[in-house]
Amino acid sequence: MPGFSLPSASLLAQSILSGIFVGALYGLLGLGLSLSWGLLRFINLAHFAFAFLAAYLCWQMATLGADPLLTLAVLVPLFFAIGAGLHALMARFAVTPFNSLLITFGLTGIVEALIQSIWTADFRKLESSYAEQKFKIGVLYFPVPELITFAFAVGLSFAVWAVLRHTDLGKALRAAAEDAPIAAAFGVNQRLNGLLLAGFAAALASVAGVCLALSFTLAPSQIYAWVGVVFAAVMLGGLGRAFGPLLAGTLIGVSEAVTMAVTAPSWAPIVSFSLLILVLVLRPGRVG
Amino acid sequence: MHKPTLTRRATLAAALLALSGLAWSQAQPIRIGSTLALTGPLSATAQIHKLVGEIYVEQANQRGGWLGRPLEWVVKDDQSKPDLARTLYEQLVTADKVDLLMGPYATGAILSAMGVAQRYNKVLVHHTLGVPSLAKYDMQFPAWSLGGDPATTVPNTLFDALAAGPKPPKTVAVVTSKFPSIHFMTQGAREVMKKRNLSEVLFLEWDFGNRDFGPIANRIKDAKPDFVWVGAIGLDGNLLLDAMKKIDYAPPQHFYLYPAPGPLVSLPEAKNALSVTIFEEQPPFTSNPGAGEFVKIYRERATKLGFPDPSVETQAAASYTAWQILEAGVTGTKGLDDKAIGAWLKANKVDTVQGKLRFDGFNNFGDDLMRIKQVQNGKWVVVWPKEVTAGDAKLMAP
């Protein structure tokens with residue numbers, strides 16, 4: 001392999017940590033997408049656009065003096081409403097899963113144009129007190145923005161797992177995804193549940209957006225930079241599974257980071273997509 | 001007795017003036033066609049070229065236009081897509097029937113436009129083509145004065161500057177994007193380093209659009225170089241510096257090839273960062289023809305438009321230069337004949353905001369006028385070569 005070298009222990013450990021953090025963001029971005037795809041059969045490409053729209057709104061509110069994390073108080077309900085509204089439209093026109101992909105791809109372009117017209121194509125960097133903070137344990141550094149992302153990813157994945165596993169709503173959602181007519185026969189209100197879930201998925205996108213704004217410089221065209229790898233995490237993790245995107249995202253993030261640490265960084269994307277192809281070949285039933 | 005005469009004369013003069021004004025306004029405008037990446041990933045930089053074009057056309061019309069005719073700029077949005085740029089340039093020539101062409105932004109679109117220009121024998125002056133060896137067309141003229149072999153000359157200028165600085169480096173970490181106009185420069189830098197007996201302690205490449213710079217920062221830290229060459233484009237430099245900050249690492253001396261200038265200079269971690277430029281808002285650049293007034297107007301307009309960095313640097317200067325080159329060709333030949341303009345430009349030097357440019361070298365490229373600048377006290381300062389530094393500005397090292 002080009003440029004292969006044995007890394008020092010500290011380099012390897014810090015790179016793995018970096019991979020875990022970026023993997024948590026893959027997982028957080030993928031969680032809403034996975035739920036929407038797996039339980040509603042709605043492939044929402046606009047999920048990425050929603051995340052970036054939330055990131056820009058967070059940036060805007062932060063420049064006016066708001067704490068970036070407190071912007072979630074506004075963003076979460078706002079995006080819940082947007083997600084539910086979009087789902088209501090899709091349901092009204094009985095959009096198929098494949099068509100939902102096409103429609104939300106178009107919607108992504110519209111949101112990108114909207115972001116560009118409001119905030120221009122220039123780069124925007126959120127300056128917050130969080131960006132300056134980090135912990136050091138031994139030789140390892142733990143930046144606070146990444147720790148926040150990790151905490152959100154783990155916490156929300158756990159919450160989703162708990163709801164899906166232990167509540168009537170979760171059981172109803174899973175039942176409807178498994179066999180919608182039978183679930184309806186048992187009195188499951190699929191319309192309401194669908195609206196709730198779509199709203200929740202979009203709200204998750206807003207949380208991921210705030211995490212993006214905390215750690216990354218924003219540009220409208222960056223929306224597309226995340227699509228491939230997050231899709232890979234969602235498919236690897238299994239659709240509609242609470243911990244799937246986080247675990248798969250972490251696996252991808254760590255494998256990319258280790259690849260970058262021991263060989264050329266340009267090999268990193270090959271690793272994540274090779275993993276996806278392997279899973280599709282060896283376990284095709286895992287996706288869909 | 002005299003009063004009526006004066007009144008008649010004044011009336012006559014006013015009438016003549018009005019008639020000449022009417023004649024000028026009714027004169028067929030010279031139509032110049034181009035595309036710009038007004039939307040899409042390149043639009044952040046293309047908006048600079050749009051503003052510069054508007055300023056130049058406005059200034060030219062205030063001066064009476066070219067050849068006594070007003071200018072009209074027909075600019076279309078190529079959406080940052082080279083294939084669309086090709087289609088739109090075809091339209092500009094065949095449907096819009098523009099008199100002259102102006103280049104688009106960036107390298108991919110320029111090469112597309114060049115193909116169309118070649119097919120219709122049109123002169124193409126372009127702003128920032130990064131790879132001179134790709135500019136094969138005889139009637140293309142570069143406004144970015146990076147010379148015919150920048151992969152050798154630019155790194156040599158940089159390492160000359162470092163050698164003359166307070167801490168000449170012995171070991172270098174070379175990390176680079178694989179973006180075409182970046183990658184060949186980095187490869188050239190590696191060759192130059194070999195010839196200068198500089199030790200390369202790390203070489204890494206990443207794909208354009210890389211998101212995670214953490215492991216790259218870790219590897220640079222691990223390699224302990226005296227100097228880091230970053231083949232950066234756009235935000236790469238910012239992302240790498242952010243990643244370095246997270247592991248408490250600051251490179252001793254560091255260089256970024258084509259960073260987004262505004263965002264980088266605003267980063268505290270970019271202190272002492274080096275880069276290249278053809279123009280900065282400081283003497284002696286501001287003494288070049290048209291530069292002072294251009295800088296003033298550009299600053300005002302860019303600030304009003306909310307550009308994050310309203311200063312004139314490489315992009316804006318190259319863009320203004322492109323218009324100066326085209327005007328020189330038109331006024332030099334007193335006509336709009338592309339072949340005559342092309343021949344004139346090859347035979348003459350043109351005064352521009354970058355200085356005097358010539359087009360008689362490899363692929364019509366002239367001298368390498370790339371200078372070394374450094375972030376000092378939160379702004380870019382030209383530090384090399386000495387003849388273009390302002391005051392006692394010099395390269396600094398921690």
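**Figure 1. Helix α10 (residues 244-262) of chain A packs against helix α11 (residues 268-282) of chain A at an angle of about 145 degrees, their axes lying 8 Å apart.** This is a predicted model, in which local features need pLDDT of at least 70 and side-chain atom pairs count only at pLDDT 80 or more, while totals for chains, interfaces and linings use all residues. Residues are numbered from 1 along each chain as its sequence is written, and chains are lettered from A and ligands numbered from 1 in the order in which they are written. Helices (H or I, at least four residues) and strands (E, at least two) are DSSP runs numbered from the N terminus. Axes are lines fitted to C-alpha atoms, for helices over the stretch in contact, and angles run from 0 to 180 degrees between N-to-C directions. The crossing of α10(A) past α11(A) is right-handed; a crossing has this hand if the near helix is turned clockwise from the far one by less than a right angle, and is left-handed if anticlockwise. From α10(A), Ile252(A), Ser255(A), Glu256(A), Thr259(A) and Met260(A) meet Ala268(A), Val271(A), Ser272(A) and Leu275(A) of α11(A); two residues are in contact if their C-beta atoms, placed from the backbone, lie within 7 Å. By class, the residues of this contact comprise 5 nonpolar, 3 polar and 1 charged. Ala, Val, Leu, Ile, Met, Phe, Trp, Tyr, Cys and Pro count as nonpolar, Asp, Glu, Lys and Arg as charged, and the others, Gly among them, as polar.

**Figure 2. Helices α1 (residues 9-40) and α9 (residues 227-237) of chain A pack at an angle of about 60 degrees, with axes 9 Å apart.** This angle makes α1(A) oblique to α9(A); angles under 35 degrees count as roughly parallel, over 145 as roughly antiparallel, 65 to 115 as roughly perpendicular and the rest as oblique. The crossing of α1(A) past α9(A) is right-handed. On the side of α1(A), the residues are Tyr26(A), Gly27(A), Leu29(A), Gly30(A), Leu33(A), Ser34(A) and Trp37(A), and they meet Val229(A), Val230(A), Ala233(A), Val234(A) and Gly237(A) of α9(A). The contact of α1(A) with α9(A) contains 8 nonpolar and 4 polar residues, and no charged ones.

**Figure 3. Chain A contains 11 helices and 2 strands.** From the N terminus on, the elements follow the order α-α-α-α-β-β-α-α-α-α-α-α-α. The radius of gyration of chain A is 19 Å, close to the 19 Å that the globule rule gives for 288 residues, so chain A is as compact as a globular protein of that length. This radius is taken over C-alpha atoms, and the globule rule is 2.2 Å times the number of residues to the power 0.38. The C-alpha trace spans about 60 × 50 × 35 Å along its principal axes. Of the contacts in chain A with a separation of 6 or more, 79% are between residues 24 or more positions apart. Buried residues account for 50% of the 288 residues in chain A; a residue is buried if 20 or more other C-beta atoms lie within 10 Å of its own, exposed if 12 or fewer, and partly exposed in between, with C-beta atoms placed from the backbone.

**Figure 4. Glu132(A) lies in the loop between α4 (97-119) and β1 (134-137) of chain A.** Glu132(A) is exposed, with 12 other C-beta atoms within 10 Å. Glu132(A) and Ile103(A) are separated by 29 residues in sequence and, from C-alpha to C-alpha, by 40 Å in space.

**Figure 5. At the interface of the two chains, 31 residues of chain B are in contact with 28 residues of chain A.** On the side of chain B that touches chain A, α2 (43-62), β7 (199-206), α7 (214-223) and α8 (236-246) of chain B each supply at least two residues. The most comes from α7(B), with 6 residues. By class, this side of chain B has 13 nonpolar, 9 polar and 9 charged residues.

**Figure 6. Cis peptide bonds in chain B include the one that joins Tyr105(B) and Ala106(B), with omega about 15 degrees.** Ala106(B) is found in the loop between β3 (100-102) and α4 (107-119) of chain B. Another cis peptide bond joins Trp384(B) and Pro385(B), with omega about -5 degrees. Pro385(B) belongs to the segment after β14 (379-384) of chain B.

**Figure 7. Asn272(B), a residue other than glycine, has a positive phi near 70 degrees.** Asn272(B) sits in the loop between α9 (261-265) and β10 (274-277) of chain B, and counts as partly exposed with 17 C-beta neighbours inside 10 Å. Phi of Asn364(B) is also positive, near 70 degrees. Asn364(B) sits in the loop between β12 (355-357) and β13 (371-376) of chain B, and is buried, with 21 other C-beta atoms within 10 Å.
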